[in-house]
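Please keep the sequence and the structure in view while reading.

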Amino acid sequence: MLLSSLGTSVANVGLPALAQAFAASFQEVQWVVLAYLLAITTLIVSVGRLGDITGRRRLLLAGISLFTVASALCGFAPTLWLLIAARTAQGLGAAIMMALTMAFIGETVPKARTGSALGLLGTMSAIGTALGPSLGGVMIAGLGWRAIFLVNVPLGLLALLLALRFLPVDRRRPTTGRAGGDPVGTLLLALTLAAYALAMTMGRGSFGPLNMALLVAAALGIGLFVRAEGRAAAPLIQLAIFRDRTLSASLAMSALVSTVMMATLVVGPFYLSRAFGLDAAPVGLVLSVGPIAAALAGVPAGRIADRFGGQRMTIAGLIAIAAGCFALSMMPVAFGLPGYIAPIVVITVGYALFQTANNTAVMTNVRPDRRGVISGMLNLSRNLGLITGASVMGAVFALGAATTDMMTARPEAVAAGMRITFAVAAVLIVVALAIASLGRPEARVRPYGHGARP
């Protein structure tokens, strides 16, 4: 979990160095990040399903191996486009690692400790996110941009050895009703998600005819996917599970919260540099405060979720995020930098509590043969929220600031964009709170899987 999140955050800090090394534009080097994110988003449900069929340990070992080899290829890539291709392969390995790591919790941890285990995974993810800017900056300054990819090789080998040593051997399960997989559904889902992800990320803030065409293609893809799944003998996603209000609510809330969390990452660097006049190093330090707070809160959040129940702690986490967003829209103007940092800490601690409690509420009620696909769907909803947040909330920020060039915007304009962005973010969390209150009948939840009923 740490490796997959580090793979995202460490590359962001290297974009300026990559643009210089390959004499490329910012739009071109952005594909180093985008290719990784697209690979994860389009394949994470499919690899979770594949793990349910072929065995999670076997597939996870293959995913770690692929991530490690692809990291080495990234580090030695002679051209930008070969680097992007290697990053795509690295994203496939990361998708396997993200989906199956969460699925293994249900297989290896007692039910009463599921929340604590998922909280620890959240901590590892936050540490990976926090390490990226600081570790990447130090390595680029001392060893060059290739080091930010090559550092994953020894870490990947260590993860592989630990997995070989400690993960339980795959149990043989009956293959009735699961054999053969769902290649048509897998392809349709991948193409649909790729179209949506590209629609949300292409154009660098402008929404043109190509973006609209990609959104239309994604909408058509959803229709074709639903039709294909209704006819498949062994569907990738059993559509009946969406009739379970707990799962549907969890996925919707995860997408909304991830949209808001991405807003803090998109808006934060511009606000800190333009409104407060901070240089790159102090900006990176301030941006690390949030992930560090989430890392420290992850394990306690898991224990609290185990003790008090997933639904109540989900609502508590959402309340904290909403309060932090309202504060972030107003406090920095009155209190300066401390008025920015304090709400960010509240938001990220609330996020750690929400994420752990929400995942716990879902994963404790999943049939053993469906853990991979449900875990993949949770990660998918999170990634779709991240992509939507990067695009939509970035557009809201630009609209609020009344400019498209943030690097030359006046501090007052950036502050106005900040206020509007996080007022909108607070409204999104209020919507998530309504979903949590109305759509989570926790006591009546039954295991998800074939034949499950709401």
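## Terms and basis of the model

A residue is called buried when its relative accessible area is under 20%, exposed when it is over 50%, and partly exposed in between, using a 1.4 Å probe and protein chains only. Helices (H or I, at least four residues) and strands (E, at least two) are DSSP runs, numbered from the N terminus.

The model is predicted: local features need pLDDT of at least 70, side-chain atom pairs count only at pLDDT 80 or more, and totals for chains, interfaces and linings use all residues. Residues are numbered from 1 along each chain as its sequence is written, and side-chain values use heavy atoms, with hydrogens and water left out.

L239 lies in the loop between helix 10 (209–231) and helix 11 (245–275). Because its relative accessibility is 30%, L239 counts as partly exposed.

Together with I222, V226 and F242, L239 makes a nonpolar surface patch of about 320 Å². Patches are made of residues with over 30% relative accessible area and no salt bridge; like charges are joined within 9 Å, and nonpolar side chains (Val, Leu, Ile, Met, Phe, Trp, Tyr) within 5 Å. A salt bridge is a side-chain nitrogen of Lys or Arg within 4 Å of a carboxyl oxygen of Asp or Glu. Accessible areas come from the Shrake-Rupley method with a 1.4 Å probe, and for residues only the protein chains shown count as cover.

## An enclosed helix

The buried residues are L3, S4, S5, L6, G7, S9, V10 and A11.

## Two packed helix pairs

Two packed helices are described by the angle between their axes and the distance between the axes. Axes are lines fitted to C-alpha atoms, for helices over the stretch in contact, and angles run from 0 to 180 degrees between N-to-C directions. Angles under 35 degrees count as roughly parallel, over 145 as roughly antiparallel, 65 to 115 as roughly perpendicular and the rest as oblique. A crossing is left-handed if the near helix is turned anticlockwise from the far one by less than a right angle, and right-handed if clockwise.

Helix 14 (residues 310–328) packs against helix 16 (residues 337–363) at about 160°, and their axes are 7 Å apart. Helix 14 is therefore roughly antiparallel to helix 16, and it passes helix 16 in a left-handed crossing. For helix 4 (residues 56–76) and helix 8 (residues 152–166), the packing angle is about 165° and the axes are 8 Å apart. These two helices are therefore roughly antiparallel to each other, and helix 4 passes helix 8 in a left-handed crossing.

## Residues apart in sequence

T246 lies in helix 11 and is buried, with a relative accessible area of 4%. A425, in helix 18 (residues 411–439), is buried at 0% relative accessible area. The C-alpha atoms of A425 and I321, 104 residues apart along the chain, are 9.3 Å apart.

L438 is also found in helix 18, but this residue is exposed, with a relative accessible area of 67%. L438 and A249 are 189 residues apart in sequence, and 8.8 Å separates their C-alpha atoms.
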